[in-house]
Amino acid sequence: METNGHLDAFTFRTDGLFFDPQHHACVLMGTVEFASFWHAFDGCFSSPLGRKLIYAATDAEETMLRQREDFQYGRWFGRRRVQANLRQRSHRMGWGRFEDEHILMPANDAITVGLFLAHREHTAGQRFNLEWNQRTSERIDVVLQPKEGEMTPVPPVEPFTWLSSGLEGDVPKASLTLDLDHRGSTLFNGQARSFFLPVSVIQRLLDGLRGRPTTVPGDVGSSEVDAALEEPDLFLAVVHASFEAFRSTDQPVYLQRGEDWGGHLSQQFTQRGFGRVEVLQSVLDGADSTVFRVQSPLPAVVAGSVLAMWCRAHGKRPEASFSQLDEFLTVTVREPRVNYD
């Protein structure tokens with residue numbers, strides 16, 4: 001249930017697509033969940049990616065702000081209105097409280113710093129050099145130094161095909177009822193501290209990592225990826241990070257028949273803006289593999305969680321393959337084959 005009006009302007013569709021008050025796609029992430037995801041993803045690369053995440057958040061937010069009339073003001077009037085709208089946005093999205101020179105109760109250090117920078121550059125109309133210091137888990141101090149030069153728009157990105165699969169147009173759907181609650185400057189999904197992550201932040205991040213070498217460890221690293229999927233190593237890095245994020249939880253997955261997947265998949269994905277996952281066949285019904293069809297704005301993230309859920313449900317190591325068919329991402333999982341040769 002919604003306990004206040006801060007969420008009234010969001011759209012939570014029954015097909016699992018969420019849109020923020022500015023009508024941009026977003027997903028609901030737990031703060032601990034995202035930290036686990038980021039730790040695993042960052043570990044796939046030879047150098048830290050923290051700055052990449054900061055500026056992905058900055059560029060994604062700036063692009064949105066430039067497009068929306070409620071964040072524009074004239075030369076002499078409207079600055080207070082825009083600043084109030086920006087404060088309301090950070091609160092609604094669960095990012096924390098943005099003050100003049102610091103952030104209180106940040107949902108995630110790098111993402112909130114990047115979003116804070118976008119808001120400050122937008123209101124000032126100029127670029128800044130960024131320095132920040134996280135004093136505690138509840139406070140980040142930010143120092144901005146003006147840059148010389150004109151503030152030109154950030155370039156557009158061309159998302160990978162596996163960053164949106166099987167999505168319909170933005171047509172009206174019935175709304176979900178969610179257990180979300182704003183408590184001061186924080187947002188909770190049930191009992192888990194959470195925040196709304198714009199899908200465009202992940203799109204920007206991954207676009208900036210094209211061609212960068214990755215090393216994906218563990219079960220996911222040996223998965224098969226269809227040749228039609230761009231940047232397969234980067235795809236597997238996202239799958240691995242999501243796999244590890246779910247494995248770090250204690251969420252149970254109890255199954256007796258293939259149809260039992262429905263409730264688990266709805267809770268994990270549809271009720272958090274990650275779209276829908278269908279089970280096309282299951283080993284629990286006598287098939288030789290379990291096949292999932294993913295319809296999502298972030299299908300690679302969903303695929304990693306699905307793989308981890310399969311492992312938890314069956315208590316076995318997976319042998320997985322990923323392909324794109326009819327614009328949907330297909331995840332096929334079976335037990336590893338035994339080679340007696």
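This tour moves through a set of packed helices and then visits several individual residues.

The model is predicted, so local features require pLDDT of at least 70 and side-chain atom pairs pLDDT 80 or more, whereas totals for chains, interfaces and linings use all residues. Numbering starts from 1 along each chain as its sequence is written, and side-chain values use heavy atoms, with hydrogens and water left out.

**Stop 1: α1 and α7**

Select α1 (31-42) and α7 (232-247). Helices (H or I, at least four residues) and strands (E, at least two) are DSSP runs, numbered from the N terminus. The axes of α1 and α7 come within 8 Å and cross at roughly 140°. Here axes are lines fitted to C-alpha atoms, for helices over the stretch in contact, and angles run from 0 to 180 degrees between N-to-C directions. That angle makes α1 oblique to α7; angles under 35 degrees count as roughly parallel, over 145 as roughly antiparallel, 65 to 115 as roughly perpendicular and the rest as oblique.

The crossing of α1 with α7 is right-handed. A crossing is left-handed if the near helix is turned anticlockwise from the far one by less than a right angle, and right-handed if clockwise.

Now display the side chains. Glu33, Ser36, Phe37, Ala40 and Phe41 of α1 meet Leu234, Ala237, Val238, His240, Ala241, Ser242, Glu244 and Ala245 of α7, where contact means heavy atoms within 4.5 Å. By class, this contact of α1 with α7 has eight nonpolar, three polar and two charged residues. Ala, Val, Leu, Ile, Met, Phe, Trp, Tyr, Cys and Pro count as nonpolar, Asp, Glu, Lys and Arg as charged, and the others, Gly among them, as polar.

Asp42 and Ala241 are 199 residues apart in sequence, yet 8.5 Å apart in space, C-alpha to C-alpha. Leaving aside neighbours within four places in sequence, Asp42 is in contact with Ser47, Pro48 and Leu49.

**Stop 2: α7 and α9**

On the α7 side, the contact is made by Phe235, Val238, Val239, Ser242, Phe243, Phe246 and Arg247. The α9 residues include Ala300, Gly304, Leu307, Met309 and Arg312. Sorted by class, the contact of α7 with α9 has twelve nonpolar, three polar and two charged residues.

Centre the view on Ala300, in helix α9. Is Ala300 buried or exposed? At 1% relative accessibility, Ala300 counts as buried; buried means under 20% relative accessible area, exposed over 50%, partly exposed in between (1.4 Å probe, protein chains only). Leaving aside neighbours within four places in sequence, Ala300 is in contact with Trp162, Phe235, Val238, Val239 and Leu329. Phe322, 22 residues from Ala300 in sequence, is 9.4 Å away in space, C-alpha to C-alpha.

**Stop 3: α8 and α9**

Trp261, His264, Leu265 and Gln268 in α8 meet Ser305, Val306, Met309, Trp310 and Ala313 in α9. The residues of this contact of α8 with α9 divide into six nonpolar, three polar and no charged.

The residues Trp261, His264, Leu265 and Gln268 of α8 are also buried. They cover an arc of only 95° around the axis, which puts them on the same side of α8; the arc is that of the directions from the helix axis to the C-beta atoms. The buried residues of α8 pack against α1, α7, β12 (276-281), β13 (290-295) and α9.

**Stop 4**

Follow the chain to Arg272, in the loop between α8 and β12. Arg272 is buried, with a relative accessible area of 10%. Leaving aside neighbours within four places in sequence, Arg272 is in contact with residues including Phe18, Met29, Glu33, Asn189 and Gln267.

Which value does phi take at Met105? Phi of Met105 is near 55°, a positive value in a residue other than glycine. Met105 is in the loop between β5 (102-104) and α4 (109-124), and at 28% relative accessibility counts as partly exposed.

Finish at Glu231, in the loop between β11 (224-225) and α7. Glu231 has a positive phi, near 45°, and is partly exposed, with a relative accessible area of 27%.
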